[in-house]
Amino acid sequence: MRAFDYVRATDTREAVRLLADDPEASCLAGGTTQLDLMKDGVLQPPRLIDITRLPLHGIERRDESLHVGALVTMEELAADTTVAERLPMVRESLLLGASVQLRNMATIGGNLLQRTRCRYFRDPTVPECNKRAPGSGCAAVQGAARMHAVLGASERCIALHASDLAVALVALDALVHIQGPTGSRTVPLTEFYLTADVSPERETVLEHAELITGVEIPLPPPAARSGYLKVRDRTSYEFALASAAVQLVLDDGTILEARVALGGVGTKPWRAHAAEHLLTGAPATTATFTEAAEATMQDAWTVPGTAFKVPLARRTLVRELQTVSGVTA
Amino acid sequence: MSTVESRTRIGAGVNRVDGPRKVTGTAPYPMDFSVPGQAYGALVQSTVAAGRIVRMHTEAAEAAPGVITVLTHENAPKVGTGPTTVLGAAPPPPLRNDRILHHGQHIAFVVADTPEQATAAARLVRADYEATEPLLDLQDPRAEQLVDPWGMDTSRGDAAAALKSAEVTLQATYTTADNTNNPLGLFATLAAWEGDALTVHDTSQWPSMVRTTLAMVFGIPESSVRVLVPYVGGGFGAGLRVWPHVILTAMAARMIKRPVKLVLTRPQMFTSIGHRPSGVQWLGVGATRDGELVALDHRSLSSLSMEDNDYEPFTWASSFAYRCPDVITQDRQARLNIAVPTSMRAPAEAQGNFALESALDELAHQLRIDPVELRLRNHADVDPRNGLPWSGKALRECYEVGAQRFGWSDRNPEPRSMRDGNWLVGYGMASALFPYFAQPCAAQATVRRDGSALVRSAAADIGTGTYTVMAQLAAEELGLPLDQVRFDLGDSDMPHSMMAGGSGLTGALGNAVHDACRRLLRQFAELAHDDADSPLRGFPPDDMECTDGRIHPTGRPDLGEPYADILARHGLTELTANGNSTPPVPTELGMSLSGAYGAKFVEVRVDADLGLIRVARVVSAIDGGRILNEKTARSQIIGGTVGGIGMTLLEDTATDPRTGRIANGTFADYLVAVNSDIPDLDVVFVGEPDRGTATGTKGVGEVGLVGIAAAIANAVHHATGKRIRDLPITLDALL
Amino acid sequence: MTRVTNASRRDTDDLPAVIERVVTLTVNGRPHTLRLDTRVTLLDALRDRLGLTGTKKGCDQGACGACTVHLDGRRVLACLTLAAQAEGRDVTTIEGVSGTDGHPHPVQQAFMEHDGFQCGFCTPGQIMSAMALMAEGRTGSDEEIREFMSGNLCRCGAYPNIVAAIREAAARGGHDARL
């Protein structure tokens with residue numbers, strides 16, 4: 001690790017100012033991505049602003065939305081009663097997202113900003129990585145790719161966005177509250193992420209010195225049912241090969257409302273608008289689900305090591321649609 | 001010739017004597033040691049796989065805060081090479097020249113005042129290379145192939161002719177992946193010199209060999225080297241050799257005249273301490289229609305580095321696993337630009353057994369014979385190589401007891417016939433063996449004036465329970481309660497020990513402890529023989545035994561007296577005896593040493609749509625000969641099973657096909673089994689003490705792993721109808 | 001034949017001198033004031049500066065659980081926590097688990113009875129995790145124990161015995177006042 005200056009911020013404005021004053025400074029929250037990448041030599045900030053003691057730890061229900069402070073941990077959010085009662089898919093994505101130890105450390109804001117697990121990105125001795133060194137190429141495309149993306153992927157970059165929580169949150173149209181040097185703004189999570197086929201080196205719309213202060217999750221209608229299915233080699237403690245967040249409102253066998261997002265397959269958490277469009281108003285049948293899954297994956301871009309993800313993601317989505325709807329025929 | 005002594009077949013499952021230290025965090029592992037004034041090392045590794053170094057740039061690192069020195073091939077002193085052992089010639093020493101033979105090769109060693117400084121400065125070392133195209137593909141025709149590298153190829157009868165004329169034949173190709181040993185404990189070395197005397201704390205499964213190696217490398221007497229390894233954070237074979245980083249650490253410490261400590265990083269654990277090589281195997285099986293094997297042709301090719309060697313005779317055990325008149329087995333290795341492979345738990349057998357036992361399952365399916373029945377019909381009642389009886393083989397009992405506990409008879413033989421919701425259910429089984437292995441071993445036993453005993457040997461306990469079972473054995477031999485016996489190990493100043501590997505240590509060391517204790521007993525008896533005050537006076541010293549801490553003529557406990565009384569009367573504070581063991585010779589025994597056997601029964605569940613594979617149940621019926629401690633032996637079988645599940649379903653060291661870089665060299669990317677992957681595992685021990693050695697043990701460190709891969713693959717076939725011949729079996733293959 | 005170099009540009013920039021910070025850590029109830037390089041993790045501070053080597057380094061990347069300690073009563077990974085981040089928080093390590101009477105904690109005792117370890121290297125982390133698991137109330141079934149102990153790798157493969165040990169420790173009264 002490169003030597004760095006450590007500063008502990010005590011209020012949000014100060015944190016933003018400290019960041020604004022130093023174009024190379026980074027935030028430190030749970031540390032599970034930041035310190036890991038610093039040890040790998042991928043990130044070498046000369047200054048770390050420890051934001052863990054900022055007053056962004058609250059979970060508050062306001063009418064039909066849940067306001068979650070950016071520094072709430074994954075474990076704390078999973079234990080929240082509103083999440084347990086109204087947002088089962090969020091809870092499942094959290095519990096399946098990491099070990100308990102990591103969940104006690106990782107924050108909601110940090111989770112949304114977690115970096116890819118691509119080992120070509122994470123090893124700075126690999127010269128070709130458009131994410132680390134724009135314009136240098138992508139070694140993973142011709143490499144040992146398996147845990148990589150097929151949606152939003154291209155020969156420029158196939159780095160996977162590995163978050164589970166963000167998949168559930170994009171499906172729910174969560175909002176990201178951001179504070180920057182010139183004020184605050186709110187960005188829908190669906191517009192927060194950029195895909196790697198467009199800008200491998202830039203993953204979100206967040207600017208330097210902007211801080212996520214919280215996430216606002218609209219609560220689904222009481223009639224909605226939801227779930228999160230994560231498929232992986234290990235039974236636990238592994239990133240997804242494919243995952244599906246599904247929320248449905250059904251009425252007598254007809255799908256009134258569908259929210260669908262996929263994980264483990266995209267260079268960003270992948271909202272499946274095409275699937276939602278096909279599902280909405282259609283009968284809840286396996287035929288409908290299959291059609292929706294095929295539409296979702298039709299633009300996949302694969303390399304030999306990732307080709308299996310196309311059928312896997314389809315089947316994962318069909319299975320979760322069946323599970324949430326209770327329809328297996 | 002040794003004789004089997006009458007003892008309990010299964011020893012008490014007492015708790016580990018080192019348990020209190022392990023659960024309180026006070027057991028010191030190599031990385032836990034520190035000495036005043038120590039400096040810290042960090043490795044710099046090659047970022048190309050083949051070629052040569054044109055220039056090293058070390059100026060920035062040398063100028064970095066806290067840096068003491070940077071070693072490269074340009075300034076490293078020339079050193080010697082370690083001894084040739086049963087595993088072959090020693091690894092070539094580090095930093096000899098400018099050649100690059102694999103990605104991750106050590107090209108520099110940075111030493112600094114703190115670990116943070118050493119690690120940061122190591123990133124500042126740059127190298128210019130002339131890189132050439134690396135050879136990375138096992139079947140690349142340009143790769144040099146070593147033919148019969150261990151002289152263990154076999155041939156009896158005429159397998160080719162028998163295969164041609166067989167009523168039924170089967171030809172299949174199987175592949176196994178690179179696996180990485182990945183013990184949890186990061187390998188660490190702490191080297192401290194005092195003049196020409198060297199003390200090393202090192203992660204090793206073979207302290208005696210580390211001492212010999214370091215003495216040869218640095219040209220100093222063995223008596224000047226002391227290697228300390230009281231605890232090892234696992235090894236699984238990775239600690240059987242003295243790797244270049246150990247020599248680098250000692251080399252640097254000598255140069256800077258300060259102790260140096262090195263702890264490998266997890267990514268470095270993938271390239272610095274060996275791994276299980278990838279392999280391809282070709283099986284030809286000929287049989288009669290009623291399932292009698294008439295021909296077996298088993299050949300393998302496995303990966304090897306450009307230099308160095310790896311003992312990995314995949315196919316050898318196929319020459320004696322079953323009764324079959326015409327057999328040929330052949331192994332080859334291809335030299336590639338990869339880090340050197342090495343033994344990993346159940347070396348060679350893990351791979352060879354997967355191919356053989358998969359093929360037998362295919363044959364059983366083809367002939368519509370029950371897989372257990374097929375194996376029973378081909379059981380080798382005597383050693384098919386030489387006709388000698390086995391020193392102990394309860395494989396038939398393994399099948400019988402294992403099948404009964406598992407409920408094998410409930411199996412519908414038709415593939416894809418059993419289902420539970422989305423889960424396809426499959427049952428599979430396989431036989432397992434791990435050949436007998438032992439090396440010379442020594443131990444020393446002392447009884448002190450207070451009546452307690454200290455027994456010692458320079459062995460390592462890598463978690464197998466050596467501390468515990470040797471204390472149990474010595475307590476039994478000396479007739480003392482367990483808490484009056486201490487067994488010490490992990491110090492090369494103690495009597496020489498063989499490696500903790502190859503399932504050999506318990507047997508070889510046990511026999512040495514047995515010998516030391518018998519000799520000690522005899523010394524006491526000789527003292528008492530002419531002692532007018534001893535109730536043992538006049539009794540023959542060869543015919544003594546010990547009960548409840550009292551030595552007495554065999555069968556006459558009423559005439560005994562405590563050790564302490566004899567010592568006291570003779571003015572002695574202690575008596576010590578040395579014992580030895582050497583591997584028995586089959587021709588002298590008139591028996592073939594059989595090693596451990598087992599039968600594995602597995603239930604898997606495969607998600608019909610998603611291809612997820614979950615192991616639901618495993619029954620392991622094991623013939624491990626005499627079991628010294630049922631608790632620790634059971635743990636060995638459980639642990640081997642977990643390793644086998646990992647090898648079968650998860651583990652695959654991925655190499656970048658262009659650069660030779662390990663592409664998943666972390667614990668987040670290289671998958672080993674986690675707790676939730678493992679169901680309750682049923683283990684049952686059958687059989688009798690082995691007749692080949694005094695203590696009757698066989699060693700159970702490897703046999704738990706062998707057979708798991710084939711049993712799972714066979715169960716996956718039964719569940720899905722798909723025969724997967726390539727490990728690991730992941731959901732990709734089942735979609 | 002190609003020419004390559006193995007360091008990115010940024011690596012060759014001038015390094016700042018070592019930056020130090022005075023940190024007070026409260027470990028097992030006792031305060032320790034240390035002058036530390038800012039890069040020092042809680043794990044390295046415990047092991048290298050305080051001599052508390054019971055907490056193990058198995059990956060240093062947050063992927064094995066060997067460095068599990070309790071921070072304000074919750075299980076976390078010491079390898080991905082800077083020592084400076086632990087300031088003002090209560091750190092509990094394996095050394096702080098046994099009773100003052102020297103008797104092992106019931107979880108430690110259960111691990112010994114059930115042979116819940118082999119080489120023993122992952123064991124302190126397993127035990128710290130198991131104690132937290134009990135406090136979290138996640139010992140309702142073997143499946144639950146397995147799932148919520150999956151952040152602690154055991155390469156020796158002692159998992160079934162670890163589950164048995166936790167099952168028994170939980171049945172004997174769960175978490176006690178010492179946690």
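Predicted model: local features only at pLDDT ≥ 70, side-chain atom pairs only at ≥ 80, totals over all residues.
A salt bridge here is a side-chain nitrogen of Lys or Arg within 4 Å of a carboxyl oxygen of Asp or Glu.

On the chain A side, the elements giving two or more residues are β1 (5–8), α2 (34–40), β3 (47–50), α3 (74–78) and α6 (100–105). The largest share, six residues, comes from α6(A). Sort the chain A residues that touch chain C by type and you get 14 nonpolar, 11 polar and 13 charged. The two chains bury about 3300 Å² between them, with carbon and sulfur atoms giving 49% of it.

Now hop over to chain B, which splits into domain 1 (33–133 + 184–234 + 239–270), domain 2 (279–437 + 589–734) and domain 3 (439–583). The centres of domains 2 and 3 of chain B sit 38 Å apart, taken over C-alpha atoms. Their contact draws 16 residues from domain 2 and 19 residues from domain 3. About 1400 Å² is buried between these two domains, 56% of it from carbon and sulfur atoms. On the domain 2 side, B:Phe437, B:Leu628 and B:Thr695 supply 41% of the area buried against domain 3, more than any other three residues.

This domain boundary has one salt bridge: B:Arg626 and B:Glu476 meet through their side chains at 3.1 Å, N to O.

Conventions:
Residues numbered from 1 in each chain as written. Chains lettered and ligands numbered in written order. Heavy atoms only, no water. Domains from an automatic or database assignment. Contact = heavy atoms within 4.5 Å. Buried area = accessible area lost by both parts, 1.4 Å probe. Helix = DSSP H or I, 4+ residues; strand = E, 2+ residues; numbered from the N terminus. Nonpolar A, V, L, I, M, F, W, Y, C, P; charged D, E, K, R; others polar.
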